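Let's take a walk through this model, one piece at a time. Keep the structure open as you read.

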Amino acid sequence: MSTWLTCAAKPLGALLAGGLGTWVGVRPALVVGSCLLVVPFVVLALSPVRGLRQMPNMAGPPDAPCPVVPAPAAARAKDASREGSMDGGTS
């Protein structure tokens, strides 16, 4: 969904920028666009993200270890056959 929204916003932004450039001129439109590039940094600076020192653990209590997901059987067999070879399993 985010990819679709990002890709859909590009042509809309180009259309709006072209309209602004036609209406007020190229240089003022570039100044406005440059000023708008600062907005995401201001939003991040004022958000609680800046104070985070580690990723929040959504799965359980903070002291609980992360669950280990075992590899599929085919991947384990392939890795086991590669371990004994000296060339890294390329042969």
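Which helices each supply at least two residues of the lining of the largest pocket? Keep in mind that this is a predicted model. The helices in question are α1 and α2, with α2 covering residues 26–36. Of the two, α2 gives the most to that lining, with 4 residues.

Now look at the pocket itself. Its lining is made up of L16, A17, L20, A29, L30, G33 and L36, and the space inside comes to about 180 Å³. Sorted by class, that lining has 6 nonpolar residues and 1 polar one, with no charged residues.

Next, follow α1 along its length. This helix takes in residues 2–24, so 23 residues by the helix definition, and it reaches 32 Å from its first C-alpha to its last. That's close to the 33 Å expected at 1.5 Å a residue. Just after α1 comes G25, which takes a positive phi of about 110°.

Finally, turn to the surface. V32, L36, V39 and V43 form a nonpolar patch there, and together they have about 340 Å² of accessible area. Two elements, α2 and α3 (39–46), each give two or more residues to this patch. V32 has its place in helix α2. As for L36, this residue is part of the patch and also lines the largest pocket.

Terms used: Residues numbered from 1 in each chain as written. Predicted model: local features only at pLDDT ≥ 70, side-chain atom pairs only at ≥ 80, totals over all residues. Heavy atoms only, no water. Expected span 1.5 Å × (residues − 1). 1 Å grid on protein atoms, 1.4 Å probe; cavity = no way out; pocket = protein on both sides within 12 Å on 5 of 7 lines; lining within 4 Å. Points joined across faces, edges and corners; volume = space filled by probe spheres on them. Nonpolar A, V, L, I, M, F, W, Y, C, P; charged D, E, K, R; others polar. Patch = residues over 30% accessible without salt bridge, like charges linked within 9 Å, V, L, I, M, F, W, Y side chains within 5 Å. Areas by Shrake-Rupley, 256 points an atom, 1.4 Å probe, with all protein chains shown as cover. Salt bridge = Lys/Arg side-chain N within 4 Å of Asp/Glu carboxyl O.
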